[in-house]
Structures are given as structure tokens and as C-alpha cells.
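The questions below go through some of the terms used for this model. Each reply sets a value beside the definition of the term and then draws the conclusion.

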Amino acid sequence: MDHKKTTLDLFNNVDLATELTLGLPGTDNQPEIIKSSLSGNKRTSSEMGSSTCTDENESRFSPPTKEQVVGWPPVRSYRKNILQVKKTESEMGSGMYVKVSMDGAPYLRKLDLKMYQSYEELMKGLQVMFKCIIGLYFEREGYNGSQHVPTYEDKDGDWMLVGDVPWEMFISSCKRLRIMKSCEARGLGDC
Amino acid sequence: MDLNQKRTRMVDRVDSVDPDLVSPESTPMCPFPDEVLEPVLSLINSHKDRSSVSLVCKDWYNAERWSRRHVFIGNCYSVSPEIVVGRFPKIRSVTLKGKPRFSDFNLVPEDWGADVYPWLSVLAKAYPFLEELRLKRMAVSDESLEFLAMNFPEFKALSLLSCDGFSTDGLKAIATHCRNLAELDIQENGIDDLGGDWLSCFPETLTTLQVLNFASLNSEVNFNDLEKLVTRCKSLRVLKVNRTINLDQLQKLLLRAPQLTELGTGTFTQDLVTRPVADLEATFGSCKNLLTISGLWDTNSLYLPVIYPACASLTFLNLSCAALRSFELAMLLIHCKSLRRLWVLDTVGDMGLEAVGSWCPLLEELRVFPADPFEQENVAGVTESGFVAVSRGCPKLHYVLYFCHQMTNAAVATVVQNCPGFTHFRLCIMNLGQPDYVTNEPMDEAFGAVVRTCPNLQRLAVSGLLTDLTFEYIGKYAKNLEILSVAFAGSSDLGLKYVLGGCPRLRKLEIRDCPFGNAALLSGLTKYESMRSLWMSACNLTMNGCRVLAKEMPRLNVEVMKDEDSEDSQAHKVYIYRTVAGPRRDAPPFVLTL
């Protein structure tokens with residue numbers, strides 16, 4: 001076949017011993033090039049190495065086993081999209097995990113601060129995790145009326161009441177969380 | 001069989017004759033008057049049976065054409081809309097398929113054709129009371145959808161599968177104007193998703209919806225409007241939402257529609273639980289009629305168990321969007337004793353498939369999709385042992401689609417020995433030209449075993465390192481084979497010759513990247529008129545070979561798609577199909593009809 005030969009000529013730098021062959025078993029090991037795609041974006045591109053292979057394609061050549069062939073494996077494009085979204089989500093999951101301790105609880109938990117967009121969401125998350133009630137933060141009154149008070153250790157090593165600073169500033173400075181019993185917490189919020 | 005095919009063509013040609021002018025030949029051979037014949041024939045729904053009925057005699061042909069309500073057109077270019085409406089005066093439902101299947105994998109250039117608009121304009125005049133339209137791989141524009149919405153006042157059901165060319169604006173037109181809409185099923189299309197406000201276009205007066213599937217759309221819809229729609233459509237039985245619908249919202253929808261038989265969930269996880277998981281579980285328990293669950297995006301061990309109460313009666317579970325691990329699948333399947341169809345991602349691994357074999361004795365169909373199709377190193381996925389494990393536990397298995405990175409001849413032979421009833425066997429070994437990884441031999445014996453052992457085989461897709469021997473087996477043994485897909489296989493023209501020389505029931509043959517040339521193509525000369533279509537791309541065909549075929553067989557369209565990069569003499573992509581409509585009049589410049 002004419003353009004197979006030309007393709008072979010172009011790719012003669014490749015170690016042909018590692019090429020996959022379409023020949024019958026037992027025939028001499030003259031491997032044939034697996035057809036590889038040109039630019040993946042060109043929908044009308046030839047699936048075979050073309051005799052008019054451009055420089056760009058030569059420099060992009062890699063062993064056929066790793067080359068992506070147009071339309072192979074035969075997976076519908078909408079399926080690829082589902083999986084890609086999945087991948088990005090897990091790549092983003094190099095989250096911001098901080099330890100969370102709760103007074104009276106036998107072991108600590110870990111929480112990814114990146115999962116939350118606001119204090120309210122964080123409180124909800126903490127409440128679920130520890131099955132406690134933290135209640136709302138009121139600027140003047142602190143966590144009045146609730147049994148537990150969330151505190152955090154900041155970059156300087158100081159223990160602070162959660163809620164004073166803007167959210168963005170909080171997540172960049174929070175190193176760990178501690179949910180204190182309110183009887184112990186008295187004194188932190190009072191000014 | 002061939003004789004019948006000839007008669008079909010002749011009978012089609014009779015269409016242009018006015019039936020009234022033909023002398024009525026109700027003969028002693030056919031004593032039933034039309035008043036009797038037509039109601040009897042109206043009970044026949046299969047289009048293949050109707051085709052047979054129409055061949056009996058002229059009376060039956062006429063009675064059949066007047067009683068037919070649904071027409072199925074497997075290749076939109078095999079017949080013209082004028083011929084269809086001329087033959088069948090009283091159609092209420094049309095199914096139309098367009099592009100060759102390999103267009104799903106980007107092998108068919110855009111603007112190739114299969115535009116539905118020319119069909120719609122003819123159908124609007126002939127069937128103003130058309131109720132259903134089901135399109136697969138057609139080019140559908142927003143203008144077409146608007147035309148559909150405005151010109152068919154009784155329109156009830158629209159199904160778009162793998163179509164492209166439209167946007168959510170087209171859906172707006174459908175939602176706004178189709179007052180009796182019962183079904184809107186949008187699947188896997190190349191759609192321009194401009195936003196979710198199409199859903200809000202359904203009028204408050206619309207209460208007839210039975211099927212709503214927008215799972216493949218990305219944009220968020222107005223949840224209030226969706227909830228109200230679901231609430232007022234009491235006959236809703238199929239609801240498949242998209243990923244933007246969260247668990248809380250899903251719960252609300254399920255409470256409104258406990259009668260659902262098919263459910264597609266949205267995202268099936270939450271960072272913040274606003275309602276305990278037990279509530280959700282109870283809600284699933286209250287849906288007593290669920291047969292199918294799909295969606296389940298992003299789910300995990302915490303949330304997946306909420307569906308357990310609904311699992312006992314499930315017959316179809318589609319987990320192909322949920323990257324489950326083996327134990328998660330196993331825990332789930334324990335509850336799914338009625339399962340007949342299962343779709344999973346290969347993240348479940350061989351161990352997950354062992355669980356399938358253990359817990360799903362009634363399983364008939366299994367599809368395993370690759371989570372990471374383009375990753376070639378460090379991939380887990382499934383292997384031959386998972387395949388064998390399923391076959392051991394599921395003797396009723398007759399449909400398989402299996403993506404893997406390695407396989408052995410022995411394993412496939414074992415699988416078909418355990419499950420000789422295969423009708424659809426689609427094995428995709430994803431690494432090109434991969435031999436049996438244990439023996440290093442070609443995979444010929446695997447597919448030989450399949451065709452020898454499974455007499456009911458209708459559809460076969462082959463992969464791996466294959467020589468002409470595979471095709472010799474197929475040609476010799478696959479007597480009922482109708483659809484064959486071949487990629488990167490075979491050693492010479494002999495391969496294709498074997499297939500074309502055997503396989504008496506072959507209808508669709510699609511081939512890519514195989515060393516089959518003109519001699520092989522021409523060996524099938526007499527066969528192509530009994531087939532729907534043949535696709536060959538990146539093989540060894542030349543323009544001259546195709547010209548010879550076109551000259552010998554005038555009732556075939558022999559189309560070559562020209563590609564800028566290939567040489568002029570090469571026929572890079574060839575699509576051949578039988579037709580009574582003559583050459584395409586809408587072919588783009590890169591499609592040459594020889």
C-alpha cells in the first residue's frame with residue numbers, strides 16, 4: 001500500500017522493534033506502523049500517517065502505542081466529558097485540611113476548609129460532624145446561648161474566636177480548630 | 001431471502017403508481033375485505049413483520065400501508081421523504097436515523113448531512129397530526145425544532161439521541177408550543193447548552209408529561225419550575241435530571257413523584273447534609289415502582305446506600321457515571337436481586353465483577369465502560385478474570401460491552417461456554433493490536449469460540465491482534481450475524497472476503513484501519529443490496545475500485561469522503577448503502593457520489 005511505505009520512510013528514526021504489527025504470526029518481524037492521527041483537533045484528518053506529513057507532526061511523533069488515534073478507543077465524547085470533570089475535581093482536592101478537636105471527644109477530626117464558602121457553611125459542617133449545636137455568631141454577643149464555641153489557632157499560634165475576621169482571611173490563617181465548651185470559652189469573646 | 005429482497009425493491013417502485021388505477025385484484029387467494037384485513041394488520045407492530053406482510057400480495061400491501069402508524073427509517077438517505085409519504089398515508093410516528101455510527105467517534109466530518117429539516121417540511125404537509133419523532137444521529141437545527149413545534153399541533157413525543165446542531169433555544173420552542181407534550185428525551189447530543197431556562201418555558205397548563213430526560217445537559221434549570229412541573233404532571237413515569245440537581249432537590253422531586261418507574265438522579269453527594277441520610281433512604285423506599293436508576297454522579301459510600309430500599313425491584317442499574325470501587329458495588333448489588341441490566345465503570349475492577357457474578361443471577365446485559373480511556377500506563381480497570389467471573393454467575397447473560405486492556409483466548413472461550421446465548425458480543429481491548437497477553441498469540445481463537453458457540457449472535461465487535469483467521473471463522477459460523485464492527489484487524493483482502501462470502505444475515509458492516517482493498521470490496525458486489533450499509537475508512541481502497549463498484553451496482557450510493565491530506569487516488573472514507581432515492585442531492589463538497 002503506497003502510503004504505508006512513505007510513512008515508514010518518515011518514521012525511520014523510531015525503533016521499529018517496539019512497533020506493533022498487523023502481520024500474521026510467524027511472519028518475519030517487519031513491523032508496520034500503527035496508523036496515528038495528525039492533529040487531534042482536525043476532525044477530517046487522516047487516521048493514517050499521511051504522505052504529506054508536516055514538520056509539526058514529525059516533531060510530535062511518539063511511539064504509536066502511546067499515540068492517540070482519532071476515535072479510539074470507541075468511547076462517546078460525552079463520556080469523556082463526565083470523566084474529565086471528575087478528574088479536575090479530584091485534582092482540586094489538594095484541599096486545606098485542618099485538625100478539629102472537640103472538648104470531650106475522644107479523637108480529632110480533619111476538615112477541608114476549601115469545601116466551605118462562608119462561616120455559616122462551616123458551622124453547619126462542624127455541627128454535623130460533631131453533632132453539636134454551635135449556633136450563630138453575633139458580633140457583639142459572641143456565641144451567646146450555645147453550648148459550644150468554635151475557636152481556631154492562627155498563624156501566630158494564638159487562639160482566636162471564629163468569626164471575627166473576613167472569611168478569606170480566616171481560611172488563610174487558620175491552622176487548626178477547637179470546639180470549646182462555652183463555660184471554658186468565657187473570657188475569649190468578652191471585651 | 002434474496003428473492004424477497006428483490007421483491008421489496010420492485011414493490012417500492014410500484015409506489016409511484018396511483019393505487020386507484022390498478023385493477024383491484026382481490027382474488028380468491030385473498031378473500032378478506034379490507035375492513036377485516038386492516039384491523040388485523042393494525043395489531044402488528046414490528047416493522048420487519050409489516051415488511052413481510054406487504055410482500056404477500058397487492059391487497060395485503062395496500063392494507064398494510066393504510067394501517068401502518070409507525071415508520072422506521074434506518075438510513076435517512078435510503079429513501080426520500082416523498083416516497084415515504086406516498087406509500088404510507090396515515091403515519092403518526094417516525095423514527096429516523098442518519099449518520100454512520102462511526103460519527104460517534106469523530107470519524108465523520110461536520111456538515112456531512114442527515115439534516116432533518118427536509119424531512120420535516122414534507123412530513124408537515126403529509127402528516128399534520130404526527131405525534132412522535134425519534135431521531136438518531138441526525139443534524140437538527142434550532143430552526144428545525146421551531147418548525148416542529150409550530151407545525152404539528154398534536155405532537156407528543158420527541159426523542160433526540162446523538163444528534164447535533166441545535167441549542168437549548170430549540171428546546172425552548174418545543175417546551176413553549178407543544179401543548180400535548182408527553183415525552184422529551186434528550187440524550188448524548190452535541191447540543192449548545194446556552195442555559196437552563198428552556199425548562200421554565202413549559203406552560204402551567206402542561207400536565208401531560210410522562211417522560212422527561214435532560215440528564216446530558218449541563219446548565220442549571222430553575223428548580224421551582226421543575227418542581228411545579230413534576231407536581232402537576234401526575235403521569236410522569238420517567239424523570240432523568242442533570243448533574244446540577246442536588247440531593248435535597250432530588251428528595252423533593254421524589255416526594256412529588258413516587259410513581260416514577262425510571263429515575264436519573266443528579267449529583268449524588270453533598271458536602272453539607274441539611275437533612276439526615278435516613279430521610280433520603282426513606283424517600284427511596286417510598287418509590288415502589290422504580291425499575292431503573294441512573295445518574296448517581298459523584299456518589300460515595302456515604303450516600304449510595306440510600307438507594308438500597310429501592311433496589312430489590314430494579315431491573316436496570318446504570319452506574320456508568322459513578323466511579324465506584326469494588327466493595328461499593330458489591331455492597332450495592334447484594335440488594336439488587338432482580339437486576340437484568342447493569343452498566344458500570346471499570347473502576348469496580350475484577351472484584352466488583354465477581355460481586356456481579358455472585359449477586360445477580362438474572363443478569364442479561366453487562367456494559368463495562370473505561371473510566372480513563374486514554375490512559376495507557378498504570379491503569380487498573382478490568383481484565384479477563386472479571387469477565388469470566390460474571391459469566392460463571394450469570395448464565396442468562398446475552399449482551400456484553402466490555403472495555404479492557406488485556407484478554408486471553410482461553411478466557412473468552414470460557415465465557416461463551418458459560419453463556420452460549422450471546423446475541424451481542426462487543427469486546428474492546430483498548431490497546432491496539434494487543435495479542436493474548438499470556439500466550440502472545442492473536443485473539444483469533446477467542447472470536448472463533450464466540451461465533452462457534454453462540455448461534456444467536458446478532459452483533460459482534462472485535463478487537464486485539466487479529467489475523468484473517470478471525471474473519472474466516474466469522475464468515476463460516478456466524479449465520480445470524482447482522483452487525484459487525486472491525487478496527488485495526490486482519491492481514492489481507494481474504495479477511496473481508498471471508499465475511500462477505502459468509503454471514504447471510506449481515507446488515508451493517510463498519511470497518512476502519514484494516515488492510516482490505518479493492519478486490520475484497522468487489523467480492524461483495526451482490527451482497528450490498530441486502531445490507532443497510534458498509535463503512536470503510538483508512539483501508540486500502542482506491543477511487544478506481546469504488547468507481548467499479550458504483551458502475552456495477554447502480555442501486556447503491558457509493559460515497560467517498562475526500563480528505564485534504566490523502567492522495568487523490570485513495571478512497572479514504574467510503575460509505576456505501578442501498579437506496580431507492582438515488583444519489584444525495586444535499587451532499588457537501590467533500591462527499592463524492594461515484
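Q: Which elements do the buried residues of helix 15 of chain B pack against?
A: The buried residues of helix 15 of chain B pack against helix 14 (384-393), strand 16 (424-429) and helix 16 (444-453) of chain B, where contact means heavy atoms within 4.5 Å. Helices (H or I, at least four residues) and strands (E, at least two) are DSSP runs numbered from the N terminus. This is a predicted model, in which local features need pLDDT of at least 70 and side-chain atom pairs count only at pLDDT 80 or more, while totals for chains, interfaces and linings use all residues. Side-chain values use heavy atoms, with hydrogens and water left out, residues are numbered from 1 along each chain as its sequence is written, and chains are lettered from A and ligands numbered from 1 in the order in which they are written.

Q: What makes the buried residues of helix 15 of chain B line one face of the helix?
A: The residues in question are N409(B), A411(B), V412(B), V415(B) and V416(B), buried meaning under 20% relative accessible area, exposed over 50% and partly exposed in between, with a 1.4 Å probe and protein chains only. Seen down the axis of helix 15 of chain B, these buried residues fall within an arc of 165 degrees, so they line one face; the arc is that of the directions from the helix axis to the C-beta atoms. On the other side of helix 15 of chain B, A410(B) and Q417(B) are exposed.

Q: How do you know that the buried residues of helix 11 of chain B line one face of the helix?
A: In helix 11 (residues 277-285) of chain B the buried residues are L280(B), T283(B) and F284(B). Seen down the axis of helix 11 of chain B, they fall within an arc of 100 degrees, so one face of the helix is lined by them. Their cover includes helix 10 (247-256), strand 10 (262-264) and strand 11 (292-294) of chain B.

Q: Why is P258(B) called partly exposed?
A: The relative accessible area of P258(B) is 34%, and P258(B) therefore counts as partly exposed. This residue P258(B) lies in the loop between helix 10 and strand 10 of chain B and, not counting residues up to four places away in sequence, touches S286(B), C287(B), K288(B) and N289(B).

Q: Why is C404(B) called buried?
A: With a relative accessible area of 1%, C404(B) falls on the buried side of the cut-off. C404(B) belongs to strand 15 (residues 399-404) of chain B, and beyond residues up to four places away in sequence it touches V382(B), L427(B), C428(B), I429(B) and M430(B).

Q: What makes N75(B) count as buried?
A: The relative accessibility of N75(B) is 2%, and N75(B) therefore counts as buried, although its place is in the loop between strand 1 (70-73) and helix 5 (81-87) of chain B. Leaving aside neighbours within four places in sequence, N75(B) is in contact with K97(B), G98(B), R532(B), Y575(B) and Y577(B).

Q: Why are helix 12 of chain B and helix 13 of chain B called roughly parallel?
A: The axes of helix 12 (residues 326-333) and helix 13 (residues 349-359) of chain B come within 8 Å and cross at roughly 10 degrees, such axes being lines fitted to C-alpha atoms, for helices over the stretch in contact, with angles from 0 to 180 degrees between N-to-C directions. Angles under 35 degrees count as roughly parallel, over 145 as roughly antiparallel, 65 to 115 as roughly perpendicular and the rest as oblique, and the two helices are therefore roughly parallel to each other. S326(B), L329(B), A330(B) and L333(B) in helix 12 of chain B meet M351(B), G352(B), A355(B), V356(B) and W359(B) in helix 13 of chain B.

Q: What makes strand 4 of chain B largely enclosed by the rest of the structure?
A: Four of the five residues of strand 4 (residues 157-161) of chain B are buried, so this strand is largely enclosed. Strand 3 (residues 132-136) of chain B and strand 4 of chain B pair in the parallel sense over five bridges, and two strands pair if DSSP finds at least two bridges between them. L133(B) stands opposite L158(B) in strand 4 of chain B.

Q: What makes strand 2 and strand 4 of chain A the edge strands?
A: An open sheet of five strands in chain A has the order 2-1-5-3-4, with mixed pairing. Strand 2 (109-112) and strand 4 (159-161) of chain A each pair on one side only.
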